[in-house]
Amino acid sequence: MHIGNYIALAHHSEQELTKAFRQVAEHHKDEPDIEQICQLLATWSEKHVNELKTFIERYSEENSNEPERLTQSLFEEPRSGGGALLRDLHDLWLMANEAELCWIVLSQAAQGLHDKKLEAACARFRDDTKRQLAFLLTRIKVAAPQTLIAAD
Amino acid sequence: MEQTRDSIKDIWGERTPYEGHWPVRVDELTEEAPDRWVQSACVLCSNGCGMDIGVKDGRIVGVRGRAVDAVNHGRLGPKGLQGWMANNSPDRLTRPLIRRNGKLEEASWDEAMDLIVRRSNDIISKKTSLGIGFYTSGQLFLEEYYTLAVLGKAGLGTPHMDGNTRLCTDTAAAALKVSFGSDGQPGSYTDLDTTEAILHVGHNIASQQTVLWTRILDRLAGENPPKLVVIDPRETFTAMKATVHLVPRVGTNVPIMNGLLNLIIQAGHINPDYIDAHTVGFEELKQLVSQWSPERVEAISGVPATKLREAARILGTAKTLVSTILQGVYQSMQATAAAVQVNNLHLIRGLIGHTGSGIYQMNGQPTAQNTRECGADGDLPGFRNWGNPEHIEQLARLWNVDSNIIPHWSPPTHAMQIWRYAEKGSINLLWISGTNPAVSLPQLERVRSILQQENLFVVVQDAFMTETAQYADVVLPAAIWGEKTGTFTNVDRTVHISHKAVDPPGEAKPDFEIFLDYARRMDFRDKDGAPLIKWKTPEECFEAWKECTRGRPCDYTGMSYAKLSEGSGIQWPCNEQYPDGKPHLYEDGVFNTSIDYCETYGHDLVTGAAATKEEYKAKDPKGKAFLKGADYEPPHEEPDEEFPLWLTTGRLVYHFHTRTKTGRSRQLNEAAPDAFVQVSDEDAARYGLKTGDLVEVASRRGKVVEPVLVGDIEPGLVFIPFHYGYWDDPGRKRAANELTLTEWDAVSKQPHYKYAAVRIRKI
Ligand code: SF4
């Protein structure tokens, strides 16, 4: 069974997402909505990390040998300069999509295994992730024209 | 001076007790006997009392209430009776000013407007109209907002237009949209004449809308007085009359409202048939509020469980209920979520759309409703939905322009974001009309530094040399109420006409004419090459506006200047079906939520994320109202060792906004000449303070020095009125907004003025 592998991937994605939301919040303090909402959204991902623990125990987390693809190439550190906020939100959005896909994949497996608890957890987590994505997308849409056309 | 009563000492006047029909009492104040009276209405709060302006020898000499007006039945409050004196103030602006070598110097209109046009074109050539922003008011007339909206949205095509209404009323609009699908107050003031119960949440109505409060006082003095529930952290004039006064900790409106709804649902005081037939989301709401037992509410809000139960009993059993909500909710944590809970209370009890029951998501400023309707804030004209392509097409057809020019690719930019873009240098021209952000925005040190930025060209259009105008590159002298004709709409949807009574001083011009002049000089054209803006007079503009509202909730098509001048106020919608206007919306329980009609596809109440049309389609309520809730989020800044006290800000009965007008009426000014900081008896003892001592109040963002006023406030909380700035007293830092936070509600984007952590020190 490879489900443990995927739980590890989900666990890792959410850990990275928690960290990234906090970094962006900290780095873009001058944008009050970004600071406050990213702090809040970090707590949602953090909650997922904690709640995954029981499933990790059940399916014994296997550490995948895959390189840390997304975080490594996309988001090492928040950026500075004119387009920084837009690019940071862009990367957060990609990372959150990775998390959402993990919930979809795990939910499929949970149904196959008749693991109602995991299935329910995946549904809840996915709802949260979707709300994170919706916030990021709204904010990206707002920032895009101003950043690309009018910023210095 | 002749006056029917001294409204400074006797704010609300003599009682005329009643139930059913509110008796007439005409309030009047004149300096000399007028030659003639000119029909108008008051523009010093959102109540919109009908009044006549007394004129003698081309000068305003007084006012009197209009006995026939349904809003006030002749009454006027202290601001209405005395605020007009500002029109005659000797320090009115009478010539345009241009900054040359760092100093503002007199110039001609041609010079001033040419300079603005040159700057505009220069910016547009470099970065499109995204480099231009407008920050307007809640005090202009409908015709002015609509002209501004059309030139901004179809001429320039900038999404950066908002009003200071963002600071006072955008949560009202947001909460109405969340529940009912569009803006628009469901009830009528006449509901107060018969209602069994009244709920005021964060609304010091006694100081804010003194005449509306007079109506309530008269009910309280009559047969079958209504029960009054007040939720407010301060012992206000309003709270003193309450049957039950709940005193919440700062930022805990959501727990209290959740707790009240929970008790009402538990007790079975709901209307299941109404819920079934006319709402969606009840089970989720019930589940959410079920976690809020009175004990848990008490632990978080400090409101005793027994008091909460008492309030829930009144709100759950009254057969009719009028609720009003204002800044204590709108300018605090979870503003929209808390305001929506009041809508929910009415929906689950079925108390909406009939005589005696109404909800007032109150407006702060007099003409804020029009800023919203006309699209001079972050909305589209006629309550249209920026996410709905068909609504954009309607506007494009109406204005005969290509729909691409109308900015609708994302939500219109809210005020705080406009200022942020200016700070970051991506907006380079900011046009401020009829408002005073250098006193009214949060964190004033920051606002002043933005206004002084080299890369920002600031245009200020005002009647006086305000704190903001002092930083302008161009100052345009504006005519005000009494000096121009136009219409405006109060909080119960009553539209009044205000006729020109006197000429403006010097070369001052109505905002309407200034905007038209700009549109002409910018040569905005429609698709066929004709001038974009086709009207020349306010009346022609009103006729164009009527077409814009046809078929929308705020339908004006049945009104005209003649009809408005014959009577004394007409409520929208007014059309063929309702030629005399309509007192209640949603009588049939059909709300404005269907997918083709709604003003918004909704938001996440916690994050503010906008829902898409596809998402809305999946749950299209087809005319049912939404019951939505949210769980509690603590405030973002809380008292700590360094800053151990809560600060809250608010208004005084004698002043409006930043005192630009009321500070220039001798009586109003003398009644409340200066700011102060109110502290509790306990805190006064702790810090060794007595009334009159001077203290320094500091937050993480700034400092002020204020005289102390002891009493009538909870320990741990201090209060500073927000009206006071520097034009008449530059000597000491005293504006409350030196201390406030730059942050805002996720949905309505209204800033949080109601809390900040501060410390005080005797000096
Ligand atoms: S209640 Fe408002 S509208 Fe009426 S007189 Fe007073 S300030 Fe003017």
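## Handedness and a crossing in chain B

A crossing is called left-handed if the near helix is turned anticlockwise from the far one by less than a right angle, and right-handed if clockwise. By that rule, H9(B) and H11(B) make a left-handed crossing. Before going further, a word on the ground rules: this is a predicted model, where local features need pLDDT of at least 70, side-chain atom pairs count only at pLDDT 80 or more, and totals for chains, interfaces and linings use all residues. Residues are numbered from 1 along each chain as its sequence is written, chains are lettered from A and ligands numbered from 1 in the order in which they are written, and side-chain values use heavy atoms, with hydrogens and water left out.

Helices (H or I, at least four residues) and strands (E, at least two) are DSSP runs, numbered from the N terminus. Helix H9 of chain B covers residues 253-266 and helix H11 of chain B covers 282-289; their axes come within 9 Å and cross at roughly 110 degrees. Axes here are lines fitted to C-alpha atoms, for helices over the stretch in contact, and angles run from 0 to 180 degrees between N-to-C directions. H9(B) and H11(B) are therefore roughly perpendicular to each other (under 35 degrees is roughly parallel, over 145 roughly antiparallel, 65 to 115 roughly perpendicular, the rest oblique). On the H9(B) side the contact (heavy atoms within 4.5 Å) uses Asn258(B), Leu261(B), Asn262(B) and Ile265(B), while H11(B) brings Phe282(B), Leu285(B), Lys286(B), Leu288(B) and Val289(B). Sorted by class, the residues where H9(B) meets H11(B) are six nonpolar, two polar and one charged. For the sorting, Ala, Val, Leu, Ile, Met, Phe, Trp, Tyr, Cys and Pro count as nonpolar, Asp, Glu, Lys and Arg as charged, and the others, Gly among them, as polar.

## Chain A: helices and no strands

Over in chain A there are six helices and zero strands, so from the N terminus on, the elements simply read α-α-α-α-α-α. Of the 152 residues in chain A, 49% are buried (under 20% relative accessible area; exposed is over 50%, partly exposed in between, with a 1.4 Å probe and protein chains only). Among the contacts in chain A with a separation of 6 or more, 80% come from residues 24 or more positions apart.

One pair to look at is helix H1 (residues 3-27) with helix H6 (residues 116-150) of chain A, which pack at an angle of about 35 degrees with their axes 14 Å apart. The crossing of H1(A) and H6(A) is left-handed. Ile3(A), Glu14(A), Leu17(A) and Phe21(A) from H1(A) touch Leu118(A), Thr129(A), Gln132(A) and Leu136(A) from H6(A). That contact of H1(A) with H6(A) comes out as five nonpolar, two polar and one charged residues.

## A mostly covered helix

Back in chain B, helix H7 (residues 210-221) has 12 residues and spans 16 Å from its first C-alpha to its last, close to the 16 Å expected at 1.5 Å a residue. The expected span is 1.5 Å times one less than the number of residues. H7(B) is mostly covered, with 10 of its 12 residues buried. Among the buried ones are Trp213(B), Arg215(B), Asp218(B) and Arg219(B). The cover over the buried residues of H7(B) includes helices H1 (78-82), H6 (205-208) and H8 (237-240) and strands E10 (197-201) and E11 (227-231) of chain B.

Ala338(B) sits in helix H15 (residues 335-349) and, at 2% relative accessibility, counts as buried. Neighbours within four places in sequence aside, Ala338(B) is in contact with Asn253(B), Val254(B), Met257(B) and Val329(B). From Ala338(B) to Ile325(B) is 13 residues in sequence and 9.6 Å in space, C-alpha to C-alpha.

Glu696(B) belongs to strand E25 (residues 694-698) and is buried too, at 14% relative accessibility. Leaving out neighbours within four places in sequence, its contacts include Lys703(B), Val705(B), Arg759(B) and Arg761(B).

Most residues other than glycine have a negative phi, and most peptide bonds are trans. Arg493(B) has a positive phi near 70 degrees; Arg493(B) lies in the loop between strands E19 (486-489) and E20 (494-498) and is buried at 1% relative accessibility. Arg659(B) has a positive phi of about 65 degrees, in the loop between strand E23 (645-650) and helix H25 (666-671), and counts as buried at 0% relative accessibility.

Trp572(B) and Pro573(B) are joined by a cis peptide bond, with omega about 0 degrees. Pro573(B) is in the loop between strand E21 (570-571) and helix H24 (613-618) of chain B.
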